[in-house]
Amino acid sequence: MPRSFRPRGRGPIPRPAVAVLLCVVAWGVLAGCGGGSGTGTPARSTPASPDTASFSGTPPSALASSAASAAASARASASAAASSASARASEFEASVSADTVRAAATAQRQLKNVPGRGNALSEVSMQGLPKERTGGVLAVLVTITNKTGHKASYAVQVDFKDPSGHVVETRFVGAENLEPGRKEQPIAFSRAPAEPRLTAYLAKAQRY
């Protein structure tokens with residue numbers, strides 16, 4: 001009896017071979033998605049350097065230089081202002097002293113032995129002068145009015161006191177041979193520092 005005949009050909013592919021083939025295909029797809037680097041590792045983007053041309057503002061060193069320049073300018077302005085104020089004060093004192101130095105010396109002598117506050121307080125008044133006018137000097141305008149019916153001379157003592165009531169400085173002014181009903185207005189000023197702030201008081205007024 002003749003044997004049955006089966007054509008020669010390839011049989012079914014073994015399962016292990018199929019698994020290997022699938023792995024190879026999957027690896028190829030992953031490699032293609034990685035941008036062709038050949039290593040299978042995704043490419044990393046490199047951060048770009050910032051564009052400093054788009055920045056606004058001043059570098060720290062320039063800011064410091066600008067601040068130093070402004071401070072120097074402020075100091076120079078303050079120094080110039082102080083110098084100018086000092087010059088104005090000196091001019092004011094000189095103009096006052098030229099007119100009153102002799103009368104002040106006479107008034108001081110006349111008040112040396114006067115008891116109490118004198119006999120002419122009602123004939124003397126005081127008013128502060130604006131520092132803009134005096135160059136920053138503390139000064140008071142002393143008004144001496146002859147309220148008698150005859151010619152008279154006057155000696156006045158002005159004390160400058162601090163907030164505690166302590167006499168820091170004493171000045172003298174006067175008027176000589178003042179006609180009845182007439183008045184004179186000498187100026188008493190302090191040379192003490194601006195601080196502490198002083199107040200002028202009418203200490204004595206004598207008619208002689």
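## A first look at this predicted model

N177 is found in strand β4; helices (H or I, at least four residues) and strands (E, at least two) are DSSP runs, numbered from the N terminus. This is a predicted model, where local features need pLDDT of at least 70, side-chain atom pairs count only at pLDDT 80 or more, and totals for chains, interfaces and linings use all residues. Residues are numbered from 1 along each chain as its sequence is written, and side-chain values use heavy atoms, with hydrogens and water left out.

**The chain overall**

- The chain holds three helices and seven strands.
- Read from the N terminus on, its elements follow the order α-α-β-α-β-β-β-β-β-β.
- Of the 208 residues in the chain, 26% are buried; buried means under 20% relative accessible area, exposed over 50%, and partly exposed in between, using a 1.4 Å probe and protein chains only.
- Among contacts in the chain with a separation of 6 or more, 69% are between residues 24 or more positions apart; a contact means heavy atoms within 4.5 Å.

**A three-stranded sheet**

- Three strands make an open sheet in the order β4-β3-β7, with antiparallel pairing; two strands pair if DSSP finds at least two bridges between them.
- At the edges are β4 and β7, each pairing on one side only.
- On average, neighbouring strands of this sheet are turned by 20° against each other, direction ignored; the axes are lines fitted to C-alpha atoms, for helices over the stretch in contact, and angles run from 0 to 180 degrees between N-to-C directions.
- The antiparallel strands β3 and β7 are joined by eight bridges, and A155 has Q206 in β7 as its bridge partner.

**Nonpolar cores**

- The largest nonpolar core has 17 residues, and V124, V142, I144, Y154, V156, V158 and A188 have the most contacts inside it; such a core is a set of buried Ala, Val, Leu, Ile, Met, Phe, Trp, Tyr and Cys residues joined through side-chain atoms within 4.5 Å.
- Two or more residues of this core come from each of β2 (139–145), β3 (152–161), β4 (167–178) and β7 (199–207).
- Strand β3 gives the largest share, five residues.
- A second, separate core has seven residues, including F92, V137, L141 and I187.
- Setting aside residues up to four places away in sequence, V156 touches a list of residues that includes A107, L111, V124, F172 and L202.

**Two residues to look up**

- S125 has its place in strand β1 (residues 124–128), and S125 counts as partly exposed because its relative accessibility is 39%.
- Leaving aside neighbours within four places in sequence, S125 is in contact with L141, V142 and T143.
- The C-alpha atoms of S125 and L202 are separated by 7.9 Å, although these residues are 77 residues apart along the chain.
- N177 counts as exposed because its relative accessibility is 53%.
- N177 is not a glycine, yet it has a positive phi of about 50°.

**Rings and charges**

- The charged end of K161 sits over the ring of Y201, 4.7 Å from its centre; a charge sits over a ring if NZ of Lys or CZ of Arg is within 6 Å of the ring centre and within 35 degrees of the ring normal.
- The charged end of R171 likewise sits over the ring of F189, 4.9 Å from its centre.
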